[in-house]
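Let us walk through this structure one residue at a time.

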Amino acid sequence: MTDKVVVITGGSRGIGRATALAAAARGYRVVVGYATNQAAANEVVTAIEARNGKAIAVKCDVGSEQDILALFKAADGFGTLGALVNNAGIVGKSGVRVDEMSAERIQQMMSVNVTGSILCAREAVKRMSTKHGGKGGVIVNLSSVAAKLGAPNTYVDYAASKGAIDSFTVGLGYEVAGEGIRVAGIRPGLIDTDIHAAGGEPDRAHRLAHMVPMKRVGTADEIANAIVWLISDEASYVTSAILDVSGGR
Ligand code: NAP
């Protein structure tokens, strides 16, 4: 067990949950952020504690700056921040074209997926940067292959939010490369989680599996394994880089 803390936004379900369990197995103390599903977050904490790990659940809607400040305050009381996984993300209803999109939908998308990630990174940099007296660390941002494909006729607003995340990963990585902080992105492909149901298409990943060169959907664990590698010292020369974990898609 290290005294290093990893903050995972949206750690209660899906990729975030798998990452929380994988990071705990590697000795991290895990701050499990969640938006509304406290029971799911508590279940992750219980599963980590059952394996002699340390974790706390903290309510944090990343669309709220106040919640983000509270999340990092809770992390401060738990150990030394060593990594942030900007995992929380949403999709809007699938199949809505841009000429049908409301301003509210687009604003919500950008607020959660983009502004939330940037604000969380701000709080992490304040704590980890050697410029601010910190000991360095790693930030991993969850993008999507949608950033490259554009998601036409599905959810272009979501794809655009992940394109912003890719630019943010590259730029922030350069900005703090001399301050002990590495920044990396992951672009998952079609992964079997609840997010597709949230977009109104629970079977989306399986329906499109034939379009994946590997002819199958990915699992949350396959993304989590890449994330825990990126936050580990084994990835010590990786920064401003984005890794596709997508079966070739
Ligand atoms: P998921 O199964 O829908 O889980 C979403 C997680 O994010 C939950 O823990 C949820 O918390 C949390 N969350 C939702 N809205 C939030 C908000 N406003 N503030 C804070 N937390 C919030 O999603 P997933 O599939 O694991 O996706 C995780 C990340 O991977 C996202 O950034 C997503 O865009 C990206 N991604 C996923 C796929 C895929 O195919 N699954 C592909 C490419 C990229 P509650 O439990 O409290 O609701």
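Start with Ser143, which counts as buried at 3% relative accessibility. Buried means under 20% relative accessible area, exposed over 50%, and partly exposed in between, with a 1.4 Å probe and protein chains only. The model is a predicted one: local features need pLDDT of at least 70, side-chain atom pairs count only at pLDDT 80 or more, and totals for chains, interfaces and linings use all residues. Residues are numbered from 1 along each chain as its sequence is written, and side-chain values use heavy atoms, with hydrogens and water left out.

Ser143 sits in the loop between β5 and α5. Helices (H or I, at least four residues) and strands (E, at least two) are DSSP runs, numbered from the N terminus. A polar atom of the Ser143 side chain lies 3.5 Å from the backbone oxygen of Lys162. That is a polar contact: a pair of N or O atoms within 3.5 Å; within protein, one must be able to donate a hydrogen and the other to accept it, and residues adjacent in sequence count only if both atoms are side-chain atoms.

Now step back into strand β5 (residues 137-142), which holds Asn141. Asn141 is buried, at 0% relative accessible area. Its side chain makes a polar contact of 3.0 Å with the side chain of Asn86. The Asn141 side chain also has a polar contact with the side chain of Thr169, at 2.9 Å.

Move on to the loop between α5 (146-149) and α6, where Asn153 lies. Asn153 counts as exposed, because its relative accessibility is 51%. Asn153 and Val96 are 57 residues apart in sequence, yet their C-alpha atoms are 6.2 Å apart in space.

Turn to the ligand. Of the 30 residues around the ligand, Ser12, Ile15, Thr36, Tyr158 and Thr193 come nearest. A residue is near a molecule if one of its heavy atoms lies within 4 Å of it. The shell divides into 14 nonpolar, twelve polar and four charged residues. Here Ala, Val, Leu, Ile, Met, Phe, Trp, Tyr, Cys and Pro count as nonpolar, Asp, Glu, Lys and Arg as charged, and the others, Gly among them, as polar.

Which atoms face the ligand oxygens? A polar backbone atom of Thr36 is 2.8 Å from one oxygen atom of the ligand. An N or O atom in the Tyr158 side chain is 2.6 Å from a ligand oxygen. For His196, a polar side-chain atom lies 3.2 Å from an oxygen atom of the ligand. The elements that give two or more residues to the shell are α1 (14-25), α6 (156-176) and α7 (195-198).
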